[in-house]
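Student: I am new to this structure and would like to learn how to read it. Could we take a few features in turn?

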Amino acid sequence: MKKKILITGRNGQVGSKVVQRAGDFGFHAFALNHTQLDITDADATMSAIGQIKPDIIINCAAYTDVDKAESDQNAAYQLNAAGPANLAKASSDDCVLLHISTDYVFDGNLNRPYREDDLTNPQTVYGMSKLQGEQQIISLHPRYIILRTAWVYSETHRNFLKTMLRVGREQGKVQVVKDQKGSPTHAADIAEVLIKMADLARREEISQEISGIYHYTGAGQTSWYEYACAIFDQLQQETGENIPVTSISTDEYPTPAKRPAWSVLDMGKLSDDLGIKPVPWEHRVRETTRNIIRKEHTS
């Protein structure tokens with residue numbers, strides 16, 4: 001019998017990719033969007049899980065607007081903290097709960113890649129709400145996997161890569177922060193890791209060995225400025241368009257939420273435990289930019 005997997009946030013950047021891959025791994029997928037299941041509603045969550053009786057849950061529902069969260073704190077905490085708590089409470093003890101978290105649980109002041117057991121110290125409402133979601137799952141559910149990631153993008157949805165292409169073409173130039181470091185991560189690669197984890201988790205003999213917190217991002221590190229340069233270099237190769245990119249400091253580009261200066265995550269645990277290797281960030285960014293441009297020319 002196929003294992004049943006419940007995917008929340010099915011229309012999101014990562015959730016939509018998880019839905020695409022679930023069937024390939026032989027899961028019987030129940031993928032729900034916010035209208036079909038609002039995880040902030042405890043009764044609705046209990047009812048949905050009670051009816052589906054999933055063997056595995058992948059929670060892709062999240063409040064991800066980092067700046068808006070500073071003024072919309074209740075909504076951020078409801079979706080990022082209360083929602084995961086509701087899932088944990090409603091799930092049976094033998095159901096594996098996979099949950100996506102973020103580099104924002106750290107303060108960004110370290111001088112080496114963050115490991116899973118490093119001290120958390122979020123500096124934003126978004127980061128605090130996501131950390132609280134982690135803590136709720138850990139305290140309420142015996143079988144969980146938390147996957148922290150960063151700088152998520154894809155060919156669809158609102159993200160840095162697509163924003164750069166739009167703004168650069170509209171304005172003919174861009175200014176991008178150079179003193180923040182991290183690792184761009186394609187949503188499809190995150191989905192692939194989540195599904196592989198789910199596949200391993202359904203095998204009883206090894207499921208307990210992969211529980212806990214893991215980190216996954218694109219391989220390597222870069223700045224937002226260098227990330228943008230890679231995007232526009234690929235754009236020029238594809239179309240001949242030349243968009244100048246100027247580097248600026250964080251102080252020159254104030255935002256409501258403080259961005260971590262250092263968002264690089266250590267992925268040694270993921271590699272050691274599961275043998276999963278990350279994809280080089282620049283390769284995937286260039287590939288994605290190329291795909292977007294070529295789709296424009298064929299649509």
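Student: Is H157 buried, partly exposed or exposed?

Tutor: Keep in mind that the model is predicted. Burial is read from relative accessible area: buried means under 20% and exposed means over 50%, with partly exposed in between. H157 has 33% relative accessibility, so it counts as partly exposed.

Student: Where does H157 lie, and which residues is H157 in contact with, leaving aside its neighbours within four places in sequence?

Tutor: H157 lies in the loop between β6 (152-153) and α5. With those neighbours left aside, its contacts are N11, G12, Q13, S16 and K162. G12 is 145 residues away from H157 in sequence, yet their C-alpha atoms are 7.7 Å apart. A polar atom of the H157 side chain lies 2.7 Å from the backbone oxygen of N11, and the H157 side chain also makes a polar contact of 2.8 Å with the side chain of T156.

Student: Is T124 buried or exposed?

Tutor: The cut-off for buried is under 20%. T124 has a relative accessible area of 1%, so it is buried. T124 sits in the loop between β4 (96-102) and α4 (125-140). A polar atom of its side chain is 2.9 Å from the backbone nitrogen of G127. Not counting residues up to four places away in sequence, T124 touches E70, Y104, A257 and K258.

Student: At what angle do α5 and α8 pack?

Tutor: A helix pair is described by angle, axis distance and handedness. Helix α5 (residues 160-171) packs against helix α8 (residues 224-239) at about 60°, with axes 10 Å apart. Their crossing is right-handed. Residues making the contact include F160 and L161 of α5 and W224 and Y227 of α8. By class, the contact has 10 nonpolar, 2 polar and 1 charged residues.

How values were computed:
Residues numbered from 1 in each chain as written. Predicted model: local features only at pLDDT ≥ 70, side-chain atom pairs only at ≥ 80, totals over all residues. Heavy atoms only, no water. Helix = DSSP H or I, 4+ residues; strand = E, 2+ residues; numbered from the N terminus. Buried < 20%, exposed > 50% of the residue type's maximum accessible area, 1.4 Å probe, protein only. Polar contact = N/O pair within 3.5 Å; in protein donor to acceptor, adjacent residues only side chain to side chain. Contact = heavy atoms within 4.5 Å. Axes fitted to C-alpha atoms, helices over the stretch in contact; angles between N-to-C directions. Left-handed = near helix turned anticlockwise from the far one by under 90°. Nonpolar A, V, L, I, M, F, W, Y, C, P; charged D, E, K, R; others polar.
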